[in-house]
Amino acid sequence: ARRIFAFYATLQFSEGALKQRGAGQMILQEGKAPQGLYLLLTGGVTLNATFGRLFEDYAPPEVVRQYKAFDVTHGKELRELRDLALKNSGAAASEAQVKRWLEINRVLTGVLTGLTSSAADLISAEAESMLSAAWRTMLLYLGVTIVTMALIFAITLMVLRTVRGLLIGLSHTM
């Protein structure tokens, strides 16, 4: 359940980043955004904030490291550009800023695709491992049950032979 939750958090975290990509680009280019577009950007930021922490806490460590490598190189600049878009000041960003926003988000999209794929692969491998362990345990219990039943059957036969012998002896004595 923990890994499934981690995968869900990874997907929501990725969705938040992807929502920000297009909305942020439009707002940076135009300087002022319609309410719906601005809400899309803030919704993506909220998803990132909410699920970012859960992603870091529950996702497989290898996946979190992949994202942190991106964040170290591009995170500060991405946050600054996002803050510029969130200001919604009415002044368009420079062409260089819009271009940089797109470049960083292109890299981020690749990273998020890799994160999702890695998380799915790790969770799938863990599920396969759990399934094979369950099969081994089930076979072990089946083996123990069969051996126990065979012992009970053998003891029952021995008790029946003994009781039959005693009854035969008692009938001869009578």
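The model is predicted, so local features need pLDDT of at least 70 and side-chain atom pairs count only at pLDDT 80 or more, while totals for chains, interfaces and linings use all residues. Residues are numbered from 1 along each chain as its sequence is written, and side-chain values use heavy atoms, with hydrogens and water left out.

**Helix α1 and Q12**

- Helix α1 covers residues 2-30; helices here are DSSP runs of H or I, at least four residues, numbered from the N terminus.
- From first C-alpha to last, the 29 residues of α1 reach 42 Å, close to the 42 Å expected at 1.5 Å a residue (that expected span is 1.5 Å times one less than the number of residues).
- A kink of about 25° is centred on A23 in α1, where the bend at a residue is the angle between axes fitted to the seven residues ending there and the seven starting there.
- G31 follows α1 and has a positive phi, near 85°.
- Q12 sits in α1 and counts as buried because its relative accessibility is 15% (buried is under 20% relative accessible area, with a 1.4 Å probe and protein chains only).
- Leaving aside neighbours within four places in sequence, Q12 touches L47 and F51, contact being heavy atoms within 4.5 Å.
- Q12 and L54 are 42 residues apart in sequence, with their C-alpha atoms 9.9 Å apart in space.

**Helix α3**

- α3 spans only 34 Å between its end C-alpha atoms, whereas a straight helix of 27 residues would span 39 Å at 1.5 Å a residue.
- At H74, α3 bends by about 65°.
- H74 is also one of the buried residues of α3, which include Y67, F70, G75 and R82.
- The buried residues of α3 pack against α1, α2 and α4.
- Just after α3 comes N88, with a positive phi of about 50°.

**The largest pocket**

- The largest pocket holds about 330 Å³ of space. A pocket is an open set of points on a 1 Å grid over the protein atoms alone, where a 1.4 Å probe fits, with protein on both sides within 12 Å along at least five of seven lines; the volume is the space filled by probe spheres set on the points, joined across faces, edges and corners.
- Its lining (residues with an atom within 4 Å of a point) has 19 residues, and F13, N48, Y67, R79 and R82 lie nearest the centre.
- α1, α2, α3 and α4 each supply at least two lining residues, with the largest share, 7 residues, coming from α3.

Methods
Buried < 20%, exposed > 50% of the residue type's maximum accessible area, 1.4 Å probe, protein only.
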